[in-house]
Amino acid sequence: MPKVEQKIPAFCLTQKSSSLDPRIYAFKDGLADIALAGRLFSSHYVKSITRFCGAAACLMRKHPSEDSPSVSQILPGEAFAILEISDNWVWGYSLADHYVGYLPLQALSPHAPLPDKAFYSVTAMQGIVFSKADIKSQPRHFWSLGSRFQGEEEGNFIKSPFGYIHKRHCCLFNNLGKTNSDPVSFAEKMIGLPYLWGGRGAGGIDCSGLVQLSLQMTGQKAPRDSDMQRSQLGHEIAPDASLLRGDYIFFAGHVGIMADEKTLLHANAFSMSVTLEALSDVVTRLSKTNPSPILARRRL
């Protein structure tokens, strides 16, 4: 029989290989997400495999080391696309916002989602995962606002693979925003939470994490960093327009949410926590190093 040659599909660039933001596009020396084939040249393209964060939140790192700076945080139940595994570290991106970084391999669960179980989201500032369907039973975990899990109803609880969460601490993921469409109310729950660079609510949070998470809790998506949020969220507010609750104020490397026309709600390194502060006071403080600290005012 004549030899049959198998045709292997080839990738080609359909446009000039461009400069992509490495925070949200997964590529590095000699390796890139296969989704970038045709946009970015790489000697190797990789198709991702999806795994989910286990019972504990985990900081995402810039490099595969516990000493490396944090770039973001993955919460329990969130999905992560793995492109590389090396020395017990995985490199890839969070499917919640496509942010790229490294996680310890042990932070991800090997178990796939169950097709017959609904997804829930923690809506309390801290959702307690009990060992039994009983508020007097021992707590196993404390999940932060926005953590996700699969489960099924059992009395006043939702039974998950990790334990039992009271119904008052969670809701169906698909129902986010249906009973509470005010992102500021979720941001207000986090007043007093410590400021944590890269944090998204588990143990601490940063300024853009506060914006992202509070919008997520109303069923809206937002990018991870403040400069991305400034370019993508809502529309610019007219210079002579009064501010309203829910407006976003952007500074260099910082963002806050207006709780009312004069008060800014923000996670900040000045107080090292999520605080309510007069916008005029923030402007006065920042004016010492920048005469025009506000870069943009935006409204959804």
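## Basis of the description

Helices (H or I, at least four residues) and strands (E, at least two) are DSSP runs, numbered from the N terminus. This is a predicted model, in which local features need pLDDT of at least 70 and side-chain atom pairs count only at pLDDT 80 or more, while totals for chains, interfaces and linings use all residues. Residues are numbered from 1 along each chain as its sequence is written, and side-chain values use heavy atoms, with hydrogens and water left out.

## Aspartate 206

Aspartate 206 is placed in the loop between helix H1 (183-189) and helix H2 (207-216). With a relative accessible area of 7%, aspartate 206 is buried (buried means under 20% relative accessible area, exposed over 50%, and partly exposed in between, with a 1.4 Å probe and protein chains only).

The side chain of aspartate 206 reaches two backbone nitrogens, that of glycine 198 at 2.9 Å and that of glycine 209 at 2.7 Å. When neighbours within four places in sequence are left aside, aspartate 206 is in contact (heavy atoms within 4.5 Å) with residues including Tyr195, Trp197, Arg224 and Ala267.

## Cysteines

The structure holds 0 disulfides, a disulfide being a pair of cysteine sulfur atoms within 2.5 Å. For cysteine 170, the closest cysteine sulfur is that of cysteine 171, and at 7.2 Å this is too far for a bond. Cysteine 170 is buried, at a relative accessible area of 9%, and cysteine 207 also counts as buried, at 6% relative accessibility.

## Aromatic pairs

A search of the whole structure finds 4 aromatic pairs, where rings of Phe, Tyr and Trp (its six-membered ring) pair if their centres lie within 6.5 Å, and planes under 30 degrees apart count as stacked, over 60 as edge-to-face and the rest as tilted. The rings of phenylalanine 130 and phenylalanine 157 have centres 6.1 Å apart and planes at 90°, so this pair is edge-to-face. Because phenylalanine 130 lies in strand S12 (residues 126-130) and phenylalanine 157 in strand S15 (residues 157-160), the pair ties together parts that are 27 residues apart in sequence; both residues are buried.

Tryptophan 143 and phenylalanine 162 also form an edge-to-face pair, at 5.7 Å centre to centre and with 80° between the planes. Tryptophan 143 is buried, at a relative accessible area of 2%, whereas phenylalanine 162 is partly exposed, at 28%. Ring pairs link Tyr120, Trp143, Phe149 and Phe162 into a cluster.

Notes: A polar contact is a pair of N or O atoms within 3.5 Å; within protein, one must be able to donate a hydrogen and the other to accept it, and residues adjacent in sequence count only if both atoms are side-chain atoms.
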